[in-house]
Amino acid sequence: MEKKTAGPGGTTGDEFTREITLRICSSLDIKEALHGVFAYLKGHIPLAALVLFIIDERLGAIRRIEHASENVDLPPELIPLPQGLAQKIAARNFSLPFIVDIEKDEIFGALQPMVKFGGDTHLIVPLRLKGEMIGGVVLQALGEGRYGAEDLERAGCLAEPFTIALANALAHEEVLRYQAILLDDKRFLNLELHGDAVDGIIGGNTGLRNVMEMVGQVAPLNNTVLILGETGTGKEIVANAIHFASPRRSGPFIKVNCGALPEHLIDSELFGHERGAFTGAVAENRGRFERADGGTVFLDEIGELPLPAQVRLLRVLQNREVERVGGKRPIPVDIRVIAATHRNLQSMVADGSFREDLWYRLSGFPIMVPPVRQRKEDVPALTRHFVTVRSRDLGIGVPPSIAPGALQRLMEYDWPGNVRELENLVERELILHRGGALTFSSMLPGTEKKNLPPAAGNGGLRYPLNLDEANAMHITEVLKLAGGKIDGPEGAAEMLGINPSTLRSRLDKLGVSYRRLRTKGLGAKGHGAPH
Ligand SMILES: Nc1ncnc2c1ncn2[C@@H]1O[C@H](COP(=O)(O)OP(=O)(O)OP(=O)(O)O)[C@@H](O)[C@H]1O
Ligand SMILES: [Mg+2]
């Protein structure tokens, strides 16, 4: 049978161990636990301070995690280990509690200048995990020679519970550290992606004045917003503007193109799924709604959402909870939903392809983004904006000027593809530009616009191109692919199967400025093809 030691307070060894274990394990916070143990221990053992420390390999130091003490000067929180000392500590393989001897012990002699053990007695309980000392608990009593064999034995019962608690606390600390790094990265990336979203909106005081006023009204709220408007009018940038002007701006902005998701994956993509919910679901997966927690979900092309997903979405909007596919319980989410469509949802409701109840939920605050033909006053500013921005993307150092009269002509056109069509037109004009001011004359459908097919799909380019134009376009594309590089492997000349000097002279003749194209930013952006 185990020996029972009667302590000063009359407690047995078992009771003592039980009480210590309870005090350590009853609190999730190891710091709180240490104070509980100190209060109890001091009634049984001479004790002026109780210190929990770890050997922090990352910092090459002994780091104090927490202490409880009475009228004692403690060493600094971080004690850097002198050269080679960490190895000596590891080699010593401390395992049982021991009393520190500064005179005879080399390790503690080396620590003395930093720790200043003074005339007190120190007892150390090493904490070991997987065969390695990860830290320890120090018991300090005032005066010399205060601890004996019985104290060593009693202190031994601190080792196990403290090791477990410390290992958990360290794992938790590590998780928090990674979490902080990830959050920081996320904030940075969010800003990188959308930081200038609001600044980049042209026409906020003119053609989009009403729209931007509505953005200002809803941004601070949490309500669902429906953005309507023809293709290419700028619905997405309005959604961006709402999110980044809202209190959720530092949270996630998760975009879902409902038309681009394959129907059989929509539910699991949006609402997530539990492990094994369907064939191929090997791990649990958080859906986009869960990922957007604390932020905004932008449901683009909401009219394309299949009916079963509409039912689930309605439940999310009503209850602010998502149910994963195969999930047992709903998961609460703190999200705001912004939806957009170029389709007429009301007529979809009438023909049964869009649920009426969902339409009511979504349409509480509709924002209509007007087509460009109803705000032609914005065309000049939009054109200038795209000339500047696209020149920069294409690596054109100084953006070309715009020929007199050109803007007037652009304003006369009806822009069925709206802002996106204008943006594409500007990009093509820049690519085919051969010096001088931009006239847009070769591309602008001009007066015969009514007879032309809608230009949204081809960026406003007039077909057929003449041979020079087609050549210039193809060469420019290849040059972009090659990142502006002409010679050598993977250079444009090699891809086109011609000599580099032939390519250069052809570029000169066609008026494509390859020197400009070499600069940074090229190839990073696409050709501006409609998405
Ligand atoms: N007012 C504006 N100022 C600056 N750029 C704009 C403006 N409106 C639209 N754009 C630009 O035009 C392009 C099309 O806009 P956006 O993608 O927001 O349109 P959309 O309405 O979502 O189109 P779709 O219905 O085809 O999805 C984008 O590149 C966007 O940056
Ligand atoms: Mg869009």
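Visitor: Which element gives the most to the lining of the second largest pocket?

Guide: This is a predicted model, in which local features need pLDDT of at least 70 and side-chain atom pairs count only at pLDDT 80 or more, while totals for chains, interfaces and linings use all residues. Residues are numbered from 1 along each chain as its sequence is written, and side-chain values use heavy atoms, without hydrogens and water. Rolling a probe the size of a water molecule over the atoms shows where empty space is left. A pocket is an open set of points on a 1 Å grid over the protein atoms alone where a 1.4 Å probe fits, with protein on both sides within 12 Å along at least five of seven lines; lining residues have an atom within 4 Å of a point. Here α6 contributes the most to that lining, with five residues. Helices (H or I, at least four residues) and strands (E, at least two) are DSSP runs, numbered from the N terminus.

Visitor: How much space lies in the second largest pocket, and which residues are the closest to its centre?

Guide: The second largest pocket holds about 680 Å³. Of its 23 lining residues, I55, D56, E57, I134 and L170 are the closest to the centre. Two or more lining residues come from each of β1 (49-56), α3 (85-92), β5 (121-129), β6 (132-141) and α6 (159-194).

Visitor: How many aromatic pairs are there?

Guide: Rings of Phe, Tyr and Trp (its six-membered ring) pair if their centres lie within 6.5 Å; planes under 30 degrees apart count as stacked, over 60 as edge-to-face and the rest as tilted. The count is nine aromatic pairs. The ring centres of F244 and F253 lie 6.1 Å apart with planes at 50°, so this pair is tilted. F253 and F298 have ring centres 6.2 Å apart and planes at 15°, so they are stacked. The latter pair links distant parts of the chain, with F253 in strand β8 (residues 253-257) and F298 in strand β9 (residues 296-300), 45 residues apart. Ring pairs also join F94, F98, F108 and F117 into a cluster.

Visitor: Is F253 buried or exposed?

Guide: Buried means under 20% relative accessible area, exposed over 50%, partly exposed in between (1.4 Å probe, protein chains only). F253 has 10% relative accessibility, so F253 counts as buried.

Visitor: Where does the charged end of R154 sit?

Guide: A charge sits over a ring if NZ of Lys or CZ of Arg is within 6 Å of the ring centre and within 35 degrees of the ring normal. The charged end of R154 lies over the ring of F16, 4.3 Å from its centre.

Definitions and conventions. Chains lettered and ligands numbered in written order. Points joined across faces, edges and corners; volume = space filled by probe spheres on them.
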